Amino acid sequence: MTGIKRKQKMNETQKKYSVQFVQSAAFFKELPRSTGKEYAVLGRSNVGKSTFINHALASGTLARVSKRPGKTTLANLYRLDNELFWVDLPGYGYAKASIAEKDRWGKLINDYCRKRENLAGVIWLLDIRHPGVSADIEADEWLKEIGRPVLPVLTKGDKLSRPMQKKQAAEFSRTFDFVEEPVIYSSLEHQSRARFWSRFDAWRGKKL
Ligand SMILES: Nc1nc2c(ncn2[C@@H]2O[C@H](COP(=O)(O)OP(=O)(O)OP(=O)(O)O)[C@@H](O)[C@H]2O)c(=O)[nH]1
Ligand SMILES: [Mg+2]
């Protein structure tokens, strides 16, 4: 490999962007305008959204993580260089949350994904072990209805062997009829990061 090629290849632990937390919002109208394209990180409670954000962006503990579901209760906006924005959202499908909380989270997610003008796409996280969970089936119907481009990411890949990962990925693709092939991700494996960015860049290169 030449020196230039070596430089271009993303180091497995390297930061791709410098990340800045911008603001949190409990309601859609509280979110500040952002100046670039945005990507939402969506998924069931506890699927690993905040962990994924920290790991993919190599941003330490910027997004707060918990073993228990229902940790992220606000929309959290992050700026990636001056280029784009990511939004960490509360999870859907957490049965034990109060009705008032569930209503607010649902409205926040729904308003954000439907109304946000510069939302270019949704990074949809699904637990690789559990295809066909009813909350994800409902989310799929809703995502198809709102028509935003979706990049599916199957989280917690380290919980399965490589052959099982492939089998589950095929099962997810059958269940959800994804436009994009799902990206298998593990926050315990550095290789996941480079693999994700190469897929993300290709996806957003499709004029998203
Ligand atoms: N083994 C393993 N555990 C993971 C992975 N990603 C997340 N987790 C664990 O899953 C749990 C939930 O992670 P969070 O990142 O808080 O999940 P979340 O989707 O943001 O959850 P809410 O904010 O509650 O909706 C934590 O205990 C994480 O350590 C992964 O790739 N592998
Ligand atoms: Mg979270």
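1. In this predicted model, a polar side-chain atom of Ser45 lies 3.5 Å from an oxygen atom of ligand 1. The backbone of Lys71 places an N or O atom 2.7 Å from an oxygen atom of ligand 1, and for an N or O atom in the side chain of Thr72 the distance to a ligand 1 oxygen is 2.8 Å. Of the 660 Å² of accessible area that ligand 1 has on its own, the protein covers 88% (Shrake-Rupley method, 1.4 Å probe).

2. Ligand 1 is surrounded by 22 residues, and the closest are Lys49, Thr51, Gly70, Lys71 and Asp158. A residue is near the ligand if one of its heavy atoms lies within 4 Å of it.

3. The magnesium ion (ligand 2) has Ser50 (OG) and Thr72 (OG1) as its protein donors, at 2.1 to 2.2 Å. Donors are N, O and S atoms within 2.8 Å of the metal (3.2 Å for Na, K and Ca), and the site may look incomplete because water is not among the atoms. Ser50 belongs to helix α2 (residues 49-56), while Thr72, 22 residues apart from it, is in the loop between α2 and β3. Helices (H or I, at least four residues) and strands (E, at least two) are DSSP runs numbered from the N terminus. Both Ser50 and Thr72 are buried (under 20% relative accessible area; exposed is over 50% and partly exposed in between, with a 1.4 Å probe and protein chains only).

4. The largest nonpolar core has 32 residues, of which Leu42, Leu89, Tyr112, Cys113, Trp124 and Leu143 touch the most other members. Such a core is a set of buried Ala, Val, Leu, Ile, Met, Phe, Trp, Tyr and Cys residues joined through side-chain atoms within 4.5 Å. Elements giving two or more residues to this core include β2 (37-43), α3 (99-115) and α4 (134-146); α4 gives the most, with five. A second, separate core of 25 residues includes Phe52, Leu80, Trp197 and Trp203.

5. Phe27 is in the loop between β1 (19-25) and β2. Phe27 is partly exposed, at 38% relative accessible area. Beyond its neighbours within four places in sequence, Phe27 is in contact with Arg104 and Leu108 (heavy atoms within 4.5 Å).

6. On conventions, residues are numbered from 1 along each chain as its sequence is written, with chains lettered from A and ligands numbered from 1 in the order written. Local features need pLDDT of at least 70 and side-chain atom pairs count only at pLDDT 80 or more, whereas totals for chains, interfaces and linings use all residues; side-chain values use heavy atoms, leaving out hydrogens and water.

Definitions and conventions
A polar contact is a pair of N or O atoms within 3.5 Å; within protein, one must be able to donate a hydrogen and the other to accept it, and residues adjacent in sequence count only if both atoms are side-chain atoms.
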